[in-house]
Amino acid sequence: MFARRLEGTDVLRAFNRYLDDYGHRGVGESDVMSPRFADRPELLLAVLRTQILAPTSATPADILQRQTVVRERALAEIRTRFGWRFHRWAIFSWWYRRLCRFFALREANRHHLMYYSAAGRSLLLRLGEWLVELGRISSREDIFYFKIEERADLLAGGSSDWRGVIQARRAERDRYATVSVPDTIRDWKDVARGTDTSSVVASDGIFHGIPISAGQVVGPVRFVRSMEDWSRVCRGDILVVSVIDPGMAPLFGVAAGLVAEMGGTLSHGAIIAREYGLPAVANVPGITTRLKEGDRISLDAERGEIIVQKQAGDLVS
């Protein structure tokens, strides 16, 4: 629909160029089942709409300038600490330049690798469409629930109960999605019995995690569990996610902050959050279940502290 309304405009041409370059990326893109930006372009447009209607005072140039200042200050401090040991500064500088280059290559490697993942997804979906036409399966996404050898058997006219297989595996996937597995299992029996008493609450309404990207912000909680939630993200929201996925990058220019249940300082998504200058805290176990949508929280990403200021019910009343 948007393509018809924007037909012939510079906006559509620029957006199509973006999809040509990044349409094969997405949230959870390592899983071939996960949709890509090209599958749901209207969600990207919703993010763009939010950026246009609720602009922020921080422009891309401002972010680059801030990053330059931080980088130069850090390098100056390192140089000072080396003192008269010039040979160590020379070695550090040599490694620093190469690491900067390798970090960029790391992202380029994943970017191009995802082309193949997206191509495989497209081929599987086309196969699914063909099997729907033959009446073998109900929807094209059902193709993802078959093993490779089962797909070959299915195409060869195998008479197994394919719909039953799909139903069973969908139920199994849904069941696994509800399982919460701790990062570290200290006593498996306690975890299995549900008697593990570990908690991230230092006191009432206060949570702690690992500082990822410095900054202090206050805003409402917005859960982002899939791309379907993107259209609900507003300027100033603090995103609460299970893990910082690199595919969430389009939201980083809209959100005020980020809290993740899992992750660390060197994860791919954490590095991208720092590049955006987005205040972020990670490794806060259970945070996605302890907070409610709309809770107003204070995020101190320098100390790794999250404080619930007002709960969603209090805000309504």
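Colleague: What covers the buried residues of α2?

Modeller: This is a predicted model. The cover of the buried residues of α2 includes α1 (2-5) and α3 (41-53).

Colleague: Which residues of α2 are buried, and why are they on the same side of α2?

Modeller: The general idea comes first. An α-helix has 3.6 residues a turn, so residues three or four places apart point the same way. In α2, the buried residues are Leu12, Phe15 and Leu19. They cover an arc of only 65 degrees around the axis, which puts them on the same side of α2. On the other side, Asp10, Arg17 and Asp20 are exposed.

Colleague: How is a pair of aromatic rings described?

Modeller: It is described by the distance of the centres and the angle of the planes. The whole structure holds 9 aromatic pairs. One of them joins Trp94 and Trp95, edge-to-face, at 4.9 Å centre to centre with 90 degrees between the planes. Trp94 counts as partly exposed because its relative accessibility is 38%; Trp95, at 47%, is also partly exposed. For Phe146 and Trp162, the ring centres are 5.5 Å apart and the planes stand at 85 degrees, so this pair is edge-to-face.

Colleague: Where in the chain do Phe146 and Trp162 lie, and are they buried or exposed?

Modeller: Phe146 lies in the loop between α5 (86-133) and α6 (148-155), and Trp162 in helix α7 (residues 162-177); the pair links distant parts of the chain, 16 residues apart. Both Phe146 and Trp162 are buried.

Notes
Residues are numbered from 1 along each chain as its sequence is written. This is a predicted model: local features need pLDDT of at least 70, side-chain atom pairs count only at pLDDT 80 or more; totals for chains, interfaces and linings use all residues. Side-chain values use heavy atoms; hydrogens and water are left out. Buried means under 20% relative accessible area, exposed over 50%, partly exposed in between (1.4 Å probe, protein chains only). Helices (H or I, at least four residues) and strands (E, at least two) are DSSP runs, numbered from the N terminus. The arc is that of the directions from the helix axis to the C-beta atoms. Contact means heavy atoms within 4.5 Å. Rings of Phe, Tyr and Trp (its six-membered ring) pair if their centres lie within 6.5 Å; planes under 30 degrees apart count as stacked, over 60 as edge-to-face and the rest as tilted.
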